[in-house]
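Open the model in your viewer and keep the selection tool at hand. This tour goes from stop to stop.

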Amino acid sequence: MEVERETIMHLADLSNFSVSNTECESLKQDLGEILNYISQLDEIDVSDVEPTYQVFEMENVWRDDEILPQEATREELLALTKEQKDNQIKVPKVL
Amino acid sequence: MRIANKTITATRLVKDALDKAHEFKDYNIFTFLNEEGALKKAAEIDAKIAAGEKVGKLAGVPFAIKDNFLAPFGETTASAHILEGFNSPITATAVAKLLAEDAILIGRTNLDAFAHGSSTENSYFGPTLNSHDRERVAGGSSGGSAVAVALDIVEFATGTDTGGSIRQPASFNDVYGLKPTYGCISRYGVVAMASSTDCIGFFTKSLEDMDLLMSIASGKDSKDLTTLDDYYNNSEVAKAEKVGIIKDFDNDSVAPEIRAALKSKCELLKSKGYEIIELEMPALKYALAAYYIIVPAEITSNLSRYDGVRYGFRSDKSTGLNELYANTRDEGFMPENKRRIMIGNFVLSSGFYDAYFLKAAKVRTLIIKEYEEAFSKCDFLLTPVAPNPAFKLGEKANDPVAMYLEDMMSVSLNLAGVPGLAIPAGKTASGLPIGLQLVGPRRSDKDLIEFAKVLKEDK
């Protein structure tokens, strides 16, 4: 399947990463071959079949709506970020 | 496995393991070695044993975890640059259960970044070498764990299997590898890849070890609402009579020596009084295509959390927030991670959803039905794990579809949620391990382990 440059750029945008020009060329080829392969599902007729999204035997596993003790403390979690200020995670300016 | 007691100390076991880890350093098996911590823990266990105190079932047993299990021992990297510096404060339930039985963590093992791959070549830290031929791949994605067990560095190792990532490297390295029934072992604290197919399992050198580990690790976990009640320890082993082989896999796309190994195991079973039946499972032909639609779709969702903000690597080239996300993800993901995220976004896009994702979900139903039907005719299925033995390093690295084809016979189990046990089944003429997988209905994990004993040649 022929994949256009615009498609690659659109998918990169949806995926939230930038793609360089050289990367775009190899992605065009790789994604084209992958799409070609998965398109073989066109061969079979499944119009009367119900879809399956998960194979767990139960649905809607509920628990009581209460705060459970957490394994990690706020300090431990904040320590994982690159930059913090006033006990919060710091990121570049948004506005 | 060797368990510490008054004659063999935990310190001895741990020192042996660490010595071997150093001896085989150039295989690139470990992303982190827990040297100080392991020796300290060993001394504690030895003191308990000396004092006559009770110790766990895995006292002093050296083990390794695939580097996508969270635990406060070194960084959890999933062999991906984007998790650099991630020192998890929490411990995966599966790891906690092993530690509670006094097993000793030796290190973290290499994988394809985020478990995306079938060779461990997609790792940010470079490939792991095959235990039997250093010019060949370890298999993947749990390549490091398989080789750590095969080279006898540790007694066992954990792995994850989303489409074959335990069974295929097990078969490439001559060890046992089990992908349990979906929902058997808690996934709390394990880096998610595809939530509807991800399973936790083990690599071992014996079936007895596999049974012991399953009895420890399985069961319901309040932290993972997709876990089943503990059926493993309440299973009665059923008597098997019939073993099925899948006709659709018996063709030229499978290496002749693997087909011969399967045939020889069938002869062995016949000689022991079991009936072999041939089955047709035509939908399995489409399992790989369905898998490479469903799994990337789930990957797209699960990997959206890596943004450089809360943990892990953050690109320092950015002036704005959106740029920070894009640059971090661009620099932090491996090419295969990007391909899968993009394919996932493609098959979920409006205009393509019905043709790809919905269709794959329907094919999944057909596959589940075929397995159900198969297990109404036989007790287990015996099939190859992969179409070829371990391939050369670099051979398929630049051809994503060729790499995907390696998963042809392993992915359908994950789509159906049924368990599969990879067993060693001899070697090729050039000495490469051959593996076969024993497949059973949901919750038949214990039966598989028990029946695999029948498949061992009598010595």
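This is a predicted model: local features need pLDDT of at least 70, side-chain atom pairs count only at pLDDT 80 or more; totals for chains, interfaces and linings use all residues.

Phi of Asn87(A) is near 65°, a positive value, and the residue is not a glycine.

**Next stop: Ser79(B)**

Go over to chain B and select Ser79(B), in the loop between β2 (62-66) and α3 (93-100). Phi is positive here as well, at about 55°, and Ser79(B) is not a glycine. Is Ser79(B) buried or exposed? Within 10 Å lie 31 other C-beta atoms. The cut-off for buried is 20 or more, so Ser79(B) is buried.

**A cis peptide bond**

Stay in chain B and select Gly140(B) and Ser141(B). The peptide bond from Gly140(B) to Ser141(B) is cis. Its omega is near 15°. To place Ser141(B), find the loop between β3 (104-109) and α4 (143-150) of chain B.

**Where the chains touch**

Now show both chains. How many residues does each chain give to the contact? Chain B gives 51 and chain A gives 38. On the chain B side, colour the elements that give two or more residues: α8 (287-302), α9 (321-332), α10 (335-348), α11 (354-377) and α12 (400-405). Which of them has the largest share? Pick α11(B), with 11 residues. Then colour the chain B side by residue type: 32 residues are nonpolar, 10 polar and 9 charged.

**Last stop: two helices across the contact**

Select α2 of chain A, residues 21-38, together with α10(B). Their axes come within 11 Å and cross at roughly 55°. How are these two helices set to each other? The crossing is right-handed.

Show the side chains at this crossing. From α2(A), select Asp30(A), Leu31(A) and Ile34(A). From α10(B), select Arg339(B), Met342(B) and Ile343(B). These residues make the contact between the two helices. By type, 4 are nonpolar, none is polar and 2 are charged.

Note on methods. Residues are numbered from 1 along each chain as its sequence is written. Chains are lettered from A and ligands numbered from 1 in the order in which they are written. Two residues are in contact if their C-beta atoms, placed from the backbone, lie within 7 Å. Helices (H or I, at least four residues) and strands (E, at least two) are DSSP runs, numbered from the N terminus. Ala, Val, Leu, Ile, Met, Phe, Trp, Tyr, Cys and Pro count as nonpolar, Asp, Glu, Lys and Arg as charged, and the others, Gly among them, as polar. A residue is buried if 20 or more other C-beta atoms lie within 10 Å of its own, exposed if 12 or fewer, and partly exposed in between; C-beta atoms are placed from the backbone. Axes are lines fitted to C-alpha atoms, for helices over the stretch in contact, and angles run from 0 to 180 degrees between N-to-C directions. A crossing is left-handed if the near helix is turned anticlockwise from the far one by less than a right angle, and right-handed if clockwise.
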